[in-house]
Every structure is written in C-alpha cells, then in structure tokens.
Amino acid sequence: MLQIDLWKRVLIWVLCAAGLVMALPNAFYTRVEGANDAVAAIEVRGETPELTEQAGQWPSFLPSSLVNLGLDLRGGAHLLAEVQVEDVYESRIKALWPDVRDVLRPERDTVGTIRRQPSPADELHVKISNPENMARAIEVVRGLAQPVVSVTSAGEQDLDVSAEGDTLIVTLSEAERRATDDRTVQQSLEIIRRRIDEVGTREPTIQRQGADRILIQVPGLGSAQELKDIIGTTAQLTFQPVVSRTSDENAEPGIGNEVLPSLDEEGLYYILEETPVVTGEELVDAQPAFDQNGRPAVNFRFNPSGARKFGDYTAENIGNPFAIVLDSEVISAPVIQSHIPGGSGIITGNFTVEESTNLAVLLRAGALPAGLNFLEERTIGPELGQDSIDAGKVATIVAFAAVLVFMGLSYGLFGLFANVALIINICLIFGLLSAIGGTLTLPGIAGIVLTVGMAVDANVLVFERIREELRTAKGPARAIELGYEKALSAIVDANITTFITAVILFAMGSGPVRGFAITLGLGILTSVFTAIFVTRLMIVIWFERRRPKTIEV
Amino acid sequence: MRLKLVPQGTNWDFFSRPKLWLGISAALMVAAFVSFMLQGLNYGIDFRGGTTIRTESAQTIDVGQYRDALAPLELGDVVISEVFDPTFDEDQNVAMIRIQAQDGQESVTADVIAAVQEALKTVTPDIKFVSVESVGPKVSGELIQTAAIAVVLAIGAVLIYIWLRFEWQFALGAVAALVHDVILTIGIFSELQIKFDLAIIAALLTIVGYSLNDTVVVFDRVRENLMKFKKRPLREVLNLSINETLSRTFMTSVTTLLALIALFVLGGDVIRGFVFAMIWGVIVGTYSSIFVASTVLLVLGVKRDWSKTDPENTGNQFGNVDA
C-alpha cells in the first residue's frame, strides 16, 4: 500500500542533501566570497601568505558557488548602449573614392571626366561627363565589388552600383550592411569587454542585445558615468609629422594642418600635418615597459604595412620631430634620430606605471569601431542595495514564520511535515540558484516569498484530499494513498500553468524581472518535488513506524 | 484542535445569482477601463523615459526647497516626492525626483544629472544620491511593447494548455477570469495612481499564474465530478466541486497573503507597489476563479460524453459521495 522503493527513498534524501550542501555557501556569503576572490587572485598572480589564508577561510571540498546578487541588491552601474553602426558605412564609403577614381581613370576616353559630387554620408556620388556610356562606368565600378563575408548572405556582392542621370551612385549592399553591422557590434563588444576586464571588477555582465545593442553591468562601480569613462576612452593613436610648435591655441595652422595641445605641458601647442603617417589600427601589440632611463613607457609593434610606412618615413625625415598623438593630444614629439626599421618603437612621456599600463591596454584593445549611444543608464548605490537585502531578509523570515505557524495550526503533525518540506524547499531554491549561476534580484526575493506562500499549496491540496478520503472511512493508509493519487492531476496542471507564465516572463523580461522569473520558476519545480516526494516520504516513514489506527489531518 | 477557515462539508450555493456576480464583475471592469481611459496609468520611467533620482539625507527634506532649487534648470516636468517607510532609520530622509525625458535627446545626458545633483547639494549639503536611473524614450517605447506582448503571450499559452488538458469551455472560462484579474489590477493602479513600471508587469504575470492555479484546481475537480456524476445537472456539479475545493482555496490564499503582507509591511518601499499588485491579484484571483471562471463555464455548458472513464475507480467513487 504505502510503499516507496528503497532506491527512491535514497534518491530523494540524496537530492535534498545535495540541495542543502549547494545552498550552504550562501549562509556564509561574505566569507565564501572573500575565499573565492582569493582563489581567483592566486590563479592570476600566484600565491601570497595573505591570499592563502583568505582562501583557507572556506574549505575547498565544499561547494563554493554563490548566488549572484543583482545590481539592485549589490549596487553598481548599468548601461545599455546602442552601437552606431552607420558610422562604419561612412568610413567605408569614404575609403572607396580613391579606388573608384583609379578604376575610372583608364576609361576616361569612354566615360569622360569624373568628379566626386556632394552626397549623403553613406553614398558615393560620382559625376561623369559622358552619361551615354554610363553602362560601361557601372560595369567597371562593379568590378571593385567583393563577395560578402558572412554565412547568411553567401554569393552576394558588397557594393550596389547604380546611376541617376549623369551621376554614378555607389552604396553598400543590404547584405554587406548586415554583415558590417554584425562585425561592428561584435568588435565593439570585444573592445568593451577588454577594457572593463582590465579595470578588474568582479563579475561584469557584457552582453549583446538584439541587433545593435550592448548591455553592460558592472557591480560595485560608483556610477554609470564612471563606467562610461572606462568604455568611452577611445585611444586613437596616430603618428603625425610636426610642422611647428606654438603657445597660441588659436594659431592659424594652414591648409591640411591642425593645432593640437600637448598632454603634459600646459600652454604648449603643436601644429601638425593632418594626415597621419601611421595610425593605431596598424598596431599589433603594445606592452608597458621602461625606457633607458628607467621611466615607465609603452613598447609597441606595427604590422608589416605599418612597419613599412613607419620605416620609410623615419628614413626620409631624420632630424625632424614627429608627434605621437593620443585622442587629439600630443603625448610626445621626439626627434627622429635614425631610420627605424622593423616597425617597433617606444612611447615615452611623463607616465606613471599605472598610466603606462592603461595606455598599453587601450592601444591593444584598439579604438571602438563606431560611436556608442547610451539608451539607458542606472546607478544603484550600495547602501540602497544593502537596505533592500536587509528588508528582504526580515520580510522573508517573518513570512516564513507566519506560514509555518499557520500550517502547524491547520494540519497538526502533517503541517509539521509540510513545514520541514518548506524549509528544504527554500534551501533547494538557493542551492539551484547557486548551481546554475542565477542572479538574485529584489523582485527575485519577492519571488521567494511568494513561493513560501504558494509552495504549501501542493501540500494543502494533498492534505485536503486526504481529509476528504478519511471521511469515507477507508482506513488511514488507503486515505493517504488516495489523497496523493487524486490530488496529483490538480497539482500538475496548476503548477504547469504557473510555470508557463514564469518561462514567458524569463524569455521576455530583463534584469530584475528576469530574476523574479528565475526564482518563481525554480520555486515551482522545488515545491512540486518537495510536496510529491519529500512530504510523502516523511509521512510514509512516520506511518510505518507508528501504524496508527486513525489519523487526524 | 485544528484551525479551520472553512467549516467541513459546506454546501453553499454559488450560482444562486449568476447574473449578479457577472454583473458586479462587469461593472468593476468597466469602472477600471473608464479610470484607465480618463486618468491613465502613472507610468514609471521604464515606460515613458526620463530620469529618477533617489536621494537620502540626514537633514529633513523640504520638497518646496528642492523644487525651487531645480526650477532654474528648466527641465520641464519634475516630480518630487518624499518617501516614508517604517524600515527607514530615524535620520534617513528619502526623496524621489522624477524628471521627464528631455526633448530631442535619445541618450541620457550626464550634464543634466550633474546639474541636478549640484543644485540639490546647495539645499542639502549632506545629500547622497543612492540611485540614479535614466531611460531613453526609444527603449521605453520598446519596453511597453514587450510587456504587452508578454502578457498576451502568457494568456494565449495558458488558453492553449487548458484547452488541451480540458475542453475549450474550460479554457474560455479560465481566460475570462484572467482577463478580469488583469483588467481590475490595471484599473486599481490607474485609480490609485501607483507607479506602474516593469516590475508591475511581472506582478501582472504572476497574478495570471496564481489566478490560473486556483481556477485549474477547481476545474480539475469539476472534471472529476463530471465523470463521477454523469446525470447530475452541470450547476450542481459545479457547486459541489467549488464546495469541495473551498477549504483548499482559502488555505492557499491565506498562506500566500500572509507571506505577501509580511513583504508589503517589511520589504521596503522599493518593491511595495509590486507586492501591492500581487496582494490585490491574489484577492481578485480567488474571487474570479469561483465567481467568474465557473460562472462562464456554467453559461457555456460542457460536453458531457466523457468516453474514457476508469472502470476500476468508478465503483469506489460512487461510494464516496457524502456531500
């Protein structure tokens, strides 16, 4: 009658025990967190006595994964950025003009003179003087097109060439735009990730969202502005020929030149040629180093084409100064002492060690390929998060106590069984949350409290059913068995429907709401498990021992 | 001695006045709708864009002073309110400042926020900005859309599930109850002008889940009883089923409400609106699964030829009737 196979009993207890052990680290949150940090630090920087001691605070044979606290509980900065993918179209089109000119020139006899026309930023307009031979011009320019590099649009060309009267119009094709967008966002994501990783905060979230958005969440950061500063530093490096030095900010630089301030020396300005010799895009590596005087500096190396340009320029300009420009400020303007072949060099300036390290990072990471537009930013202070945690804790405990007392009063011994199951249930939720690396948010805490209230539902269904069956006087064993049997379909249907809404909430929601969906969903799973298996097992064990003639539910 | 919320073996008639109950529900829904049309919801920045700043200071807050300090910045619609909460310390004075989305700006400007913080510091030097949140109009527009889709999807998915597990009349009854609960919840948010933000959508979906939970338990019993009592009129079967499950309905509602009320009182002001929505939802959901879902089922009628009966159990179950 009331029988549960031994292997099932063992399995149920093992699952509960596993849940408890996995939930355990959360009871010692700060200690485990400190130990985890120390372990991570040892992996990166090697062992020191303090770190070893800190890592020893939590025994390594116990599980150490914790529930992540969401930004609303821990405090930190949140940004949603839109990558302005159109920026890239513009630079692509700009770079196209010399090529178009070069292929049309040999055809001058048929197409006539060519002239670039003003156009929208993402189109190239070229006027030809023999519009009757436009077909030939289009054919020639189409020859420039390359196949799109992307899986989804294989076989398509990257340029669309068309004509309007005497004007030839070149644009990027739809397929190429999609492919470019994708590359741009990926690249931006990578660069943002590298920059944030370098700052070394704990558990940043950097995710792509939709076609052109990036979500960045960094716990423990003082403000969204700080985060913007970290990712917004562009680090555009160029090497430009120096025309002269001046102290006048408004000096007239002359055509093709520009005036840029010095980074270190207040009031000193350089007049530079606008066209750089080499840019940071041709860098392949940058490392913090020290110069021959032992001052912090940055070593860099160019790719072959950059190395050639740099080598040629230094060979031709021995004795002239050239400027190393970072984000429109001149870091230094050394005089070229000798021909520098091989494409490596060193940037010196008044750096601290930290600055040179940061600069190397920025140069390595490269500039963002396109601008970022910030659509959403949130800063949560750590105090507010702590207040929420405290309030959440108190509320959960009180809710818990109220439900325990109420269940005890209503169902007596069976209520106690349900209460034990409820406690196991909460541990299982925390255990699962830790195991899957889920994030606990403030609405997530509400989800747990709601689960506390609703988790007893499955037990209530069973107990009420047992009461009903008892009234028909079939003996306690039969009543318990029937109670479980008949309540099962209601339990399953009721919980599946709630679970469906939790899944939808998880899929459509973001941030805190998603945290709620996770705890609600997990709560449903664990409460069904505890009601159907754990409480039942407890009742069966009790029943076997006592063999009561009558029971009161 | 056991605590019993509902006396044993009740035999209350829930369908003596179906028109009255449906009428009350319909009237409440119309009232909710009218309130929504007239006042609209008090959307948070998630849904309309803008910035909210939460400040904390030991010094007491004078909303008028804050308003005067911010007036020269010409930020358009600025709402300043002081927040009171039993969980706050004695010298913890909290205010919320909401600034509308600035015209023609998609992204949020740091300058505006900095200017506001500067201005407030002149009034209250020890002020702390414990949270600053800005949402651009582009995102907020999308959030409304996603939220609406989520609610509709949830209701749709549930409709299909119940249709598969029961009959289409059950599905319609359950969904009628859901729509009823969602509309009444939106109605009370509009009537009381409580801030309506993303978390409230989560609460709405939870209400959908809870109300269903309740409805499904009643329906499950209806299905069982329909198989048991093939000849009894539908009305009697429905009544019997509701009475049989009444004790459970109350137990679960009470435990859930106990937990939610604890959260409402002690959980802090940040999620109070969210918890309020759920408390309201539990009350409305319990009512609707009895009076709306079942009444709709009664009006629609149910196909009675349940071909798959369980011959082994039938005999036993007939012996069970004692209600």
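How many residues of chain B are in contact with chain A? In this predicted model, 77 residues of chain B touch 71 residues of chain A, where contact means heavy atoms within 4.5 Å. Residues are numbered from 1 along each chain as its sequence is written, and chains are lettered from A in the order in which they are written. Because the model is predicted, local features need pLDDT of at least 70 and side-chain atom pairs count only at pLDDT 80 or more, while totals for chains, interfaces and linings use all residues; side-chain values use heavy atoms, without hydrogens and water.

The size of an interface is often given as the accessible area lost when the parts come together. Here chains B and A bury about 6300 Å² between them, 62% of it on carbon and sulfur atoms; this is the accessible area (1.4 Å probe) lost on being put together, summed over both parts.

Between the two chains there are 10 salt bridges, each a side-chain nitrogen of Lys or Arg within 4 Å of a carboxyl oxygen of Asp or Glu. B:R221 forms a salt bridge with A:E468, with the closest N and O atoms 2.9 Å apart. The largest share of the side of chain B that touches chain A, 16 residues, comes from α7(B), helices (H or I, at least four residues) and strands (E, at least two) being DSSP runs numbered from the N terminus.

Strand β18 of chain A (residues 372–380) pairs with β5(B) in the antiparallel sense over 5 bridges; pairing requires at least two DSSP bridges between the strands. Within β5(B), B:V135 is the bridge partner of A:E376.

Note on methods:
Buried area = accessible area lost by both parts, 1.4 Å probe.
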